[in-house]
Amino acid sequence: MIVTAALAAVLLAAGGYGVVSLFSSPSQAPAASACANKANAAAAARKVEPKLPAAGQVKLNVYNATDRQGLAAATAATLKQRGFAIGKVTNDPLKANLTVSAQIRGATASTPAMRVVAAEVAGSQLKPDTRTDGTVDLVLGSGFTALASPDQVSAALKAATAAPVKASSSCAS
């Protein structure tokens, strides 16, 4: 009798648990909700990311921080052919000793334009400064050998604008 009563209690508890489980949300709902939240956040981040400007929208100063004569002028001429609006072309006013291929200077608000210029010179580094205008400086360093090919520039710009959302294994269906 005691065994039958214990067995009945276990069956009743299991049945009650099953009924409650049927009417409550599935156990995968929090994970699915978290995945949806991650996807929404990624989409929002992409919308906030400013679109990269066209070369013609970038007012570009080209500076030479090396001892190679005519480097800034020759580079500026090619960049003008590629559509950039060229401003000043001279030696680096900051007289920096750059060992990198190039340094791209501009206001923080000009970061999209700086990225467009950086695509032109492999190995360049961005250096935001406190200027208030929209100009961008391309400062050629001793590591500079040549501008990137148009195909390389196109690939770099495509990579800069692509922000793929990678699904984690817990969010994969």
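In what order do the elements of the protein run from the N terminus on? The order is α-α-β-α-β-β-α-β-β-α, made up of five helices and five strands. Helices (H or I, at least four residues) and strands (E, at least two) are DSSP runs, numbered from the N terminus. The structure is a predicted model, in which local features need pLDDT of at least 70 and side-chain atom pairs count only at pLDDT 80 or more, while totals for chains, interfaces and linings use all residues. Residues are numbered from 1 along each chain as its sequence is written, and side-chain values use heavy atoms, with hydrogens and water left out.

Of the 173 residues of the protein, 28% count as buried. Here buried means under 20% relative accessible area, exposed means over 50%, and partly exposed lies in between (1.4 Å probe, protein chains only). The accessible surface comes to about 11100 Å², and carbon and sulfur atoms account for 62% of that surface; such areas come from the Shrake-Rupley method with a 1.4 Å probe, and for residues only the protein chains shown count as cover. Among contacts (heavy atoms within 4.5 Å) with a separation of 6 or more, 72% join residues 24 or more positions apart.

The strand pairings were examined next. Two strands pair if DSSP finds at least two bridges between them. E1 and E2 pair in the parallel sense over five bridges, and the chain crosses from E1 through H3 to E2 in a right-handed β-α-β crossover. A crossover is right-handed if, with the strands pointing away from the viewer, the path from the first strand over the helix to the second runs clockwise. Within this pair, Leu60 has Ile86 of E2 as its bridge partner. E3 is joined to E5 by five bridges, and these two strands run antiparallel; the bridge partner of Arg105 in E5 is Asp137. E3 also pairs with strand E4 (residues 125-129), in the parallel sense and over five bridges, with Ala107 opposite Asp129 in E4. E3, H4 and E4 together make a right-handed β-α-β unit. E3 is mostly covered, six of its six residues being buried.

The largest nonpolar core has 23 residues, of which Leu60, Val62, Phe84, Val117, Val136 and Leu138 touch the most other members. A nonpolar core is a set of buried Ala, Val, Leu, Ile, Met, Phe, Trp, Tyr and Cys residues joined through side-chain atoms within 4.5 Å. Two or more residues of this core come from each of strand E1 (59-64), helix H3 (71-81), strand E3 (102-107), helix H4 (111-118) and strand E5 (136-140). H4 gives the most, with five residues. Six of the eight residues of H4 are buried, namely Pro112, Ala113, Met114, Val116, Val117 and Ala118. These buried residues pack against E1, E3, E4, E5 and helix H5 (150-161). Phe84, leaving aside its neighbours within four places in sequence, is in contact with Ala55, Val58, Leu60, Leu79, Val116, Val117 and Glu120.

Two residues in the loop between strand E2 (85-91) and E3 were compared. Asp92 lies in this loop and counts as buried because its relative accessibility is 3%. A polar atom of the Asp92 side chain lies 3.0 Å from the backbone nitrogen of Ala96. Beyond its neighbours within four places in sequence, Asp92 is in contact with Tyr63, Asn64, Ala65, Arg105 and Val139. Lys95 is found in the loop between E2 and E3, and counts as exposed because its relative accessibility is 72%. Lys95 is not a glycine, but has a positive phi of about 50 degrees. Most residues other than glycine have a negative phi.

Thr66 is placed in the loop between E1 and H3 and, at 17% relative accessibility, counts as buried. The side chain of Thr66 makes a polar contact of 2.6 Å with the side chain of Asn64. A polar contact is a pair of N or O atoms within 3.5 Å; within protein, one must be able to donate a hydrogen and the other to accept it, and residues adjacent in sequence count only if both atoms are side-chain atoms. The backbone nitrogen of Arg68 lies 3.1 Å from a polar atom of the Thr66 side chain. Thr66 and Val139 are 73 residues apart in sequence, with a C-alpha to C-alpha distance of 9.3 Å.
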